[in-house]
Structure formats: structure tokens, C-alpha cells
Amino acid sequence: QLQAFGGGLVQAGGSLRLSCAASGDTFSSYTMSWFRQAPGKEREFVAIISGSGAVTYSADSAKGRFTISRDNAKNTVYLQMNSLKAEDTGVYYCAARIGTLTRNQNAIDYWGKGTQVTVSS
């Protein structure tokens with residue numbers, strides 16, 4: 001099971017750190033991702049990290065502002081979001097996959113419940 005938390009209301013230019021805690025003892029086997037869904041829009045890829053944490057990549061919209069990381073000892077993946085913009089508003093989901101890094105949502109094995117992020121302008 002995956003549980004994301006850390007969302008909230010923040011002013012434009014501010015920061016938030018999202019966390020996603022996973023249950024089980026094979027967390028390091030999973031590639032972890034963050035996706036988001038803005039009101040009235042389709043869910044989109046935000047960032048991804050390999051099982052070891054050595055490889056990451058982000059959507060163009062997140063580059064330079066968002067950082068994905070993980071702590072395998074705590075079974076947790078993080079998304080540090082800085083310089084937030086109104087267009088970052090949405091529900092953020094963490095996701096897990098056994099296998100190679102991919103932003104393809106159809107390849108996700110497990111989805112967590114989302115956490116709402118609202119950026120006021």
C-alpha cells in the first residue's frame with residue numbers, strides 16, 4: 001500500500017515536500033514515481049526515481065524546481081517542490097512499478113491515494 005501526504009495550500013513561490021510511505025519489505029525493488037492531476041485535466045507524469053535512487057528524471061514542467069528522492073530504510077519517497085506556481089495545483093499521486101523507469105501510466109503496478117496541492121497566486 002502507498003500513502004501520500006504533505007499536500008496543502010501554499011502561496012505561489014513557496015515550497016512543499018510531499019512524502020509517500022509504502023508498506024512491505026521490498027520497497028527498494030520498486031521504481032517510484034509521482035504523477036499529478038489538475039482540475040479538468042488528465043493525470044500527468046511529474047518525476048521518477050529508480051529503486052536504488054541513483055537515477056531520476058522529471059517532466060520538463062518540474063525540472064529545476066522539483067526534486068524526487070527516496071529513503072529505502074524508511075520505505076518512503078519524497079517530492080520536494082520549490083518555486084511553486086498556480087499551475088502546479090492538483091492532486092498528486094505516488095506510484096510504484098517493478099521494472100525499468102517509464103513515465104507510462106499504464107505500466108504502474110500500484111497507485112497511492114492522492115494528496116491535494118493548491119497554489120494560490
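Tutor: Strands β9 and β10 (residues 110–111) pair in the antiparallel sense over two bridges. This is a predicted model, where local features need pLDDT of at least 70, side-chain atom pairs count only at pLDDT 80 or more, and totals for chains, interfaces and linings use all residues. Residues are numbered from 1 along each chain as its sequence is written, and side-chain values use heavy atoms, with hydrogens and water left out.

Student: What makes β9 and β10 a pair?

Tutor: Two strands pair if DSSP finds at least two bridges between them. β9 and β10 have two bridges, so they pair. At one of the bridges, A96 has Y110 of β10 as its partner.

Student: Why is β10 called a strand?

Tutor: Strands are DSSP runs of E with at least two residues, numbered from the N terminus. β10 covers residues 110–111, so it qualifies.

Student: Which other strands pair with β9?

Tutor: Strand β4 (residues 30–37) does, antiparallel, over eight bridges. W34 stands opposite C94 in β9. Strand β11 (residues 115–120) also pairs with β9 in the antiparallel sense, over three bridges. There, G90 has V117 as its bridge partner.

Student: How do you know that β9 is mostly covered?

Tutor: Seven of the nine residues in β9 (residues 90–98) are buried. Buried means under 20% relative accessible area, exposed over 50%, and partly exposed in between, with a 1.4 Å probe and protein chains only.

Student: Which strand pairs with β3 (residues 16–22) over four bridges?

Tutor: β1 does, in the antiparallel sense. Q3 has A21 of β3 as its bridge partner. The open sheet here has four strands, in the order β1-β3-β8-β7, with antiparallel pairing.

Student: What makes β1 and β7 edge strands?

Tutor: β1 (2–5) and β7 (66–71) each have a single partner strand, so one side of each is left without a neighbour in the sheet.

Student: How many charged residues line the largest pocket?

Tutor: None: the lining has seven nonpolar and four polar residues. Ala, Val, Leu, Ile, Met, Phe, Trp, Tyr, Cys and Pro count as nonpolar, Asp, Glu, Lys and Arg as charged, and the others, Gly among them, as polar.
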